Amino acid sequence: MDFELSKVGIEKGLQYECITTTVSRDGVKNAGAFAFKYLGEGMVFCHIFETSKTLKNILDTNVYVVNITQDPLVFTYATLDCLGDEYFTSDCDISIIKNTPAYIIVDVENVEIETPKNFQIQNNTKIYNITGKIRKIVINDKNACAYNRGLSGLIECLVNFSRYQIVDDDKRKVYMDRLLENQRVINKVSDEKTIKAIADLKSEYEKN
């Protein structure tokens, strides 16, 4: 079965930022900010580094929820591991963010473990590649839209470009370094329009 995830702004093969919620074996709810990718035909993919509560809960229960939201406090508190109980619904057997615009329940089907190469973390931390099948999608708000961070990176680079002509050489280097890093991320997670936009912007940077 395929799901119409386009209704919440999700395209096949692109990466989106979400709040992943889980429940421990003891019934304790947890939230973490993670990226996920829709593979098509009802399958989704995410990867999580070992030691996180989210990963432990997923491995213990084989289920998690993708909460589609753009609430800055929810993203921040989930990342800082301090999202309070008041942010969760009262469901006992599953963890869902209260008032989330949309959510997807995922049943885990496959877990692969690897030590990442060419990654900024220079140790033996393992990464868990998790493939799951969508059990259910609930849309509470017709304006719900998954967040792809590529556009934010592009906007930051555009703002910097508007100042590029009036700053000194040191600041120009800072702006160029930021552009290169944002372009790396955009090429990895974003759509063709955003990839083209950052490439065109880089060409303009290089003219000045």
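This is a predicted model: local features need pLDDT of at least 70, side-chain atom pairs count only at pLDDT 80 or more; totals for chains, interfaces and linings use all residues.
Residues are numbered from 1 along each chain as its sequence is written, and side-chain values rest on heavy atoms, with hydrogens and water left out.

A pocket is an open set of points, on a 1 Å grid over the protein atoms alone, where a 1.4 Å probe fits and protein lies on both sides within 12 Å along at least five of seven lines. Lining residues have an atom within 4 Å of a point. Grid points are joined across faces, edges and corners, and a volume is the space filled by probe spheres set on the points.

The largest pocket has a volume of about 490 Å³. It is lined by 20 residues, of which Q15, A35, H47, R149 and K188 are the closest to the centre. Two or more lining residues come from each of the elements β1 (15–23), β2 (29–40), β3 (43–49) and α4 (169–189); such elements are DSSP runs numbered from the N terminus, with helices (H or I) of at least four residues and strands (E) of at least two. By residue class, the lining of the largest pocket comprises 11 nonpolar, three polar and six charged residues. Here Ala, Val, Leu, Ile, Met, Phe, Trp, Tyr, Cys and Pro count as nonpolar, Asp, Glu, Lys and Arg as charged, and the others, Gly among them, as polar.

The second largest pocket holds about 280 Å³ of space. Among its 14 lining residues, Y16, A146, Y147, N148 and L151 are the closest to the centre. Its lining divides into six nonpolar, six polar and two charged residues.

L151 also belongs, with I155, L158 and V159, to a nonpolar surface patch of about 330 Å². Such a patch joins nonpolar side chains (Val, Leu, Ile, Met, Phe, Trp, Tyr) within 5 Å, from residues with over 30% relative accessible area and no salt bridge. Areas were computed by the Shrake-Rupley method with a 1.4 Å probe, and for residues only the protein chains shown count as cover. I155 is found in helix α3 (residues 150–161). This residue is classed as partly exposed because its relative accessibility is 45%, the classes being buried (under 20%), exposed (over 50%) and partly exposed in between.

Side chains of opposite charge can pair when their charged atoms come close. The structure holds 11 salt bridges, each a side-chain nitrogen of Lys or Arg within 4 Å of a carboxyl oxygen of Asp or Glu. In helix α4, E181 and R184 lie three residues apart, about one turn of the helix, and their closest N and O atoms are 2.7 Å apart. Both partners are partly exposed, E181 at 38% and R184 at 40%.

Helix α5 (residues 192–207) contains D200 and K196, four residues apart, which form a salt bridge with the closest N and O atoms 2.7 Å apart. D200 is partly exposed at 38%, whereas K196 is exposed at 53%. E204 and K207, three residues apart, also lie in helix α5 and meet in a salt bridge of 2.9 Å, N to O. E204 is partly exposed at 33%, while K207 is exposed at 62%.

Terms used:
Patches are made of residues with over 30% relative accessible area and no salt bridge: like charges are joined within 9 Å, nonpolar side chains (Val, Leu, Ile, Met, Phe, Trp, Tyr) within 5 Å. Buried means under 20% relative accessible area, exposed over 50%, partly exposed in between (1.4 Å probe, protein chains only).
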